[in-house]
Amino acid sequence: MSTVIRWNPLREMAAMQTAMNRLFDDTWRTAWPTVEANYALPVDVYEMDEGYTVIANIPGVQQDNINITLNQNIVTISVDVPQFTPQEGQRALLVERSAGKYSRSLTLPRSVHSEAVEATYENGVLMLHLPIAPEAQPKRITVKSGGQNMLQSNN
């Protein structure tokens with residue numbers, strides 16, 4: 001005896017979406033580590049009266065693989081994250097950590113005093129302290145009394 005099942009378009013669409021998700025997950029999981037591209041490095045930037053602080057999380061990177069350049073008021077951070085090579089007999093079941101070159105260029109609103117820039121890297125966190133150049137800092141202008149009333153007209 002045959003059983004008749006009523007057709008439900010929503011059930012068919014859900015099954016198709018599940019199949020598509022599986023297809024994309026499998027494709028990206030295997031293709032991601034081999035993609036050669038520059039990815040944007042996520043950063044936090046804070047401004048104070050005396051300068052800027054830039055913070056980037058880059059765990060697992062050796063200090064030698066971090067490159068920081070400053071050109072006028074543009075700071076560029078470049079990082080090369082090495083690809084993990086499995087040992088003989090190992091096979092990857094899940095690869096989510098990406099490897100490759102990451103970089104980020106930031107244009108700062110005011111000039112930076114390049115001689116006083118400090119960079120520290122500890123526990124996978126890069127912290128840049130970028131003091132504002134003395135000529136770019138706001139200056140307070142004092143008002144002096146000249147002994148004359150400047151509002152008098154010369155008539």
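Begin by selecting Met 16, Met 20, Leu 23 and Phe 24, which make a nonpolar surface patch of about 420 Å². Such a patch joins nonpolar side chains (Val, Leu, Ile, Met, Phe, Trp, Tyr) within 5 Å, taken from residues with over 30% relative accessible area and no salt bridge. Areas follow the Shrake-Rupley method with a 1.4 Å probe, and for residues only the protein chains shown count as cover.

The model is predicted: local features need pLDDT of at least 70, side-chain atom pairs count only at pLDDT 80 or more, and totals for chains, interfaces and linings use all residues. Residues are numbered from 1 along each chain as its sequence is written, and side-chain values use heavy atoms, with hydrogens and water left out.

Stay on Leu 23, which is placed in helix H1 (residues 9-31); helices (H or I, at least four residues) and strands (E, at least two) are DSSP runs numbered from the N terminus. Leu 23 is partly exposed because its relative accessibility is 48%, the class between buried (under 20%) and exposed (over 50%).

Next, turn to the salt bridges (a side-chain nitrogen of Lys or Arg within 4 Å of a carboxyl oxygen of Asp or Glu), of which there are two.

Select Glu 47 and Arg 110, whose side chains form a salt bridge at 3.2 Å, N to O. Glu 47 belongs to strand E2 (residues 44-47) and Arg 110 to the loop between strand E6 (100-107) and strand E7 (118-122), so this pair links distant parts of the chain, 63 residues apart. Arg 110 is partly exposed at 22%.

Finally, select Lys 101 and Asp 80, a salt bridge at 4.0 Å, N to O. Because Lys 101 is in strand E6 and Asp 80 in strand E5 (residues 74-81), the pair ties together parts 21 residues apart in sequence. Lys 101 is partly exposed at 49% relative accessibility, and Asp 80 is partly exposed at 32%.

Technical notes: Patches are made of residues with over 30% relative accessible area and no salt bridge: like charges are joined within 9 Å, nonpolar side chains (Val, Leu, Ile, Met, Phe, Trp, Tyr) within 5 Å. Buried means under 20% relative accessible area, exposed over 50%, partly exposed in between (1.4 Å probe, protein chains only).
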